[in-house]
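Have the sequence and the model at hand.

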Amino acid sequence: MENKNDTYKRRQYVRVDGYFPVLWEKIPDDQWEKEKAQFFQRRDVIPQQPWDVLGWLSQGLWETEGTSESESRLDAALAGVHIKLDLILNFLMEKSVDPIYQTPPVMANISGAGLRFKAKEHFEVNEFYELKLLLPILPIRLIRALGQVVRATEVTENEEKLTEVSFRFELISEEDRETIIHYTFKRQREILREKKSLK
């Protein structure tokens, strides 16, 4: 019989394609241990102009299950209200704003164990990066992780040279990993519904 630990490991490797903002910043080798030590001390910050720059979230990308179109729109509207309230707190507390909230979404493949996407810049296997993700789910949550490049392949799309890079999450909170796993399963169900509607 499969135990809970085996089930969790299997769940974290479920992968799906999704469309969401991703930011990455290279960590120099000599800074890696310091970044690991400080990882859980950092706090998420709040978007400065959420309703405009997060407009992509209200364009049919919200993950909903068994809800009507009007309910989906209500969810998106409530999310906007929630972020606007955070915005007011942000101004009152004079906090800085994370650039992830002003980053356009990209197509990426994600699981609880890692992330893959295409980018214009060059990556090398074994390099370390700080990763930030903004998944299109409610409640809105900024996902942070420290990742290592496990694969980097040069590709060409529309005559443009890109790198398809795969990261393994080396350090991520279990809460954030569970959020990703939740997203992957909801996204899988959405993809199945889309396929059925095309038949």
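Nine aromatic pairs occur in this structure, which is a predicted model. Two of them are set out here.

| Pair | Centre to centre | Angle between planes | Geometry |
|---|---|---|---|
| Phe20 and Tyr183 | 6.1 Å | 90° | edge-to-face |
| Tyr129 and Phe167 | 5.4 Å | 75° | edge-to-face |

Start with Phe20 and Tyr183. This pair links distant parts of the chain, 163 residues apart. Phe20 belongs to strand β1 (residues 16–20), and Tyr183 to helix α5 (residues 174–198). Phe20 has 0% relative accessibility, so it counts as buried. Tyr183 has 1% and therefore counts as buried.

Next come Tyr129 and Phe167. Their planes lie at 75°, so the pair is edge-to-face. This pair, too, links distant parts of the chain. Tyr129 lies in strand β5 (residues 128–134) and Phe167 in strand β7 (residues 160–171), 38 residues apart. Tyr129 and Phe167 are buried.

Is Phe117 buried or exposed? Its relative accessible area is 2%, so Phe117 is buried. Beyond its neighbours within four places in sequence, Phe117 contacts Val22, Trp24, Met107, Ala108, Thr163, Glu164, Val165 and Phe167. Val22 is 95 residues from Phe117 in sequence. In space, the two are 8.9 Å apart, C-alpha to C-alpha.

How values were computed: Residues numbered from 1 in each chain as written. Predicted model: local features only at pLDDT ≥ 70, side-chain atom pairs only at ≥ 80, totals over all residues. Heavy atoms only, no water. Phe/Tyr/Trp six-rings, centres within 6.5 Å; stacked < 30°, edge-to-face > 60°. Helix = DSSP H or I, 4+ residues; strand = E, 2+ residues; numbered from the N terminus. Buried < 20%, exposed > 50% of the residue type's maximum accessible area, 1.4 Å probe, protein only. Contact = heavy atoms within 4.5 Å.
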